[in-house]
Amino acid sequence: VVLVHQQLVHLELVHVLLVHEQLVHLELVHEQLVRRQLVREQLGVSDPGGTRSRRDRQVRLVCFAAVAAGAVALATAVAVQGRSEPGPSWLALAFLVALTAVRLVPVHLTHAGSSEALHLDEAFFIPMVLTLAPWQVLGALAVALLVGSAATRRGGIKLLFNVGTLTATAGAGVGTAYLLGVGGDRKSVV
């Protein structure tokens, strides 16, 4: 009887120790979660009841504004296409292929333990402005970025934002070049 009693006491002690250990573990997990929440609140990245959904709406609004800006740039380039002679189709296609290639195979640089992917599509911008019509430049850039982003499986919102901002900024660059008188007579360039 004493042996059974000792065995039961021992089992009860083991059970109490395991329960205590589990409670301590839960308390530590709870403490970590509270600390993370406090850090998030201090950094302004917490999600107390709906902040995330508001932020998501704001991000989507910015992305769609970028798409709208890119669409306006492309529409403007198409609307004024009669003012400049289009470049050769083969040249536009060659630029499109080259742009798509540099989008799909970026140059990777490593420094200080981190890696950075550089897309060299900007290198083609000046030659494209000099040899192609504005709608060809913006179309080739937009299509190359769409294909490159789709091939690397970028998210839909990120893809829209990237295409919109690239098309809008390239449109601003092409517009500035044409205002400065660059890109008039293509026969002397090609």
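Here are legends for close-up views of this predicted model.

Residues are numbered from 1 along each chain as its sequence is written, and side-chain values use heavy atoms, with hydrogens and water left out. Because the model is predicted, local features need pLDDT of at least 70 and side-chain atom pairs count only at pLDDT 80 or more, while totals for chains, interfaces and linings use all residues.

**View 1. Arg103 in helix H3.** Let's start with Arg103, which sits in helix H3 (residues 89–104); helices here are DSSP runs of H or I with at least four residues, strands are E runs of at least two, and both are numbered from the N terminus. Arg103 counts as buried because its relative accessibility is 16% (buried is under 20% relative accessible area, exposed over 50%, partly exposed in between, with a 1.4 Å probe and protein chains only).

**View 2. Who touches Arg103?** Leaving aside residues up to four places away in sequence, Arg103 touches His119, Asp121, Ala144, Leu145 and Gly148 (contact means heavy atoms within 4.5 Å). Thr152 is 49 residues from Arg103 in sequence, yet their C-alpha atoms are 9.3 Å apart.

**View 3. The aromatic pair, Phe95 and Phe124.** This structure holds one aromatic pair. The ring centres of Phe95 and Phe124 are 6.2 Å apart and their planes sit at 75 degrees, so the pair is edge-to-face (centres must lie within 6.5 Å; planes under 30 degrees apart are stacked, over 60 edge-to-face, the rest tilted). Phe95 is in helix H3 and Phe124 is in the loop between strand S2 (114–118) and helix H4 (125–131), so the pair ties together parts 29 residues apart in sequence. Phe95 is buried at 11% relative accessible area, whereas Phe124 is partly exposed at 23%.

Conventions. Phe/Tyr/Trp six-rings, centres within 6.5 Å; stacked < 30°, edge-to-face > 60°.
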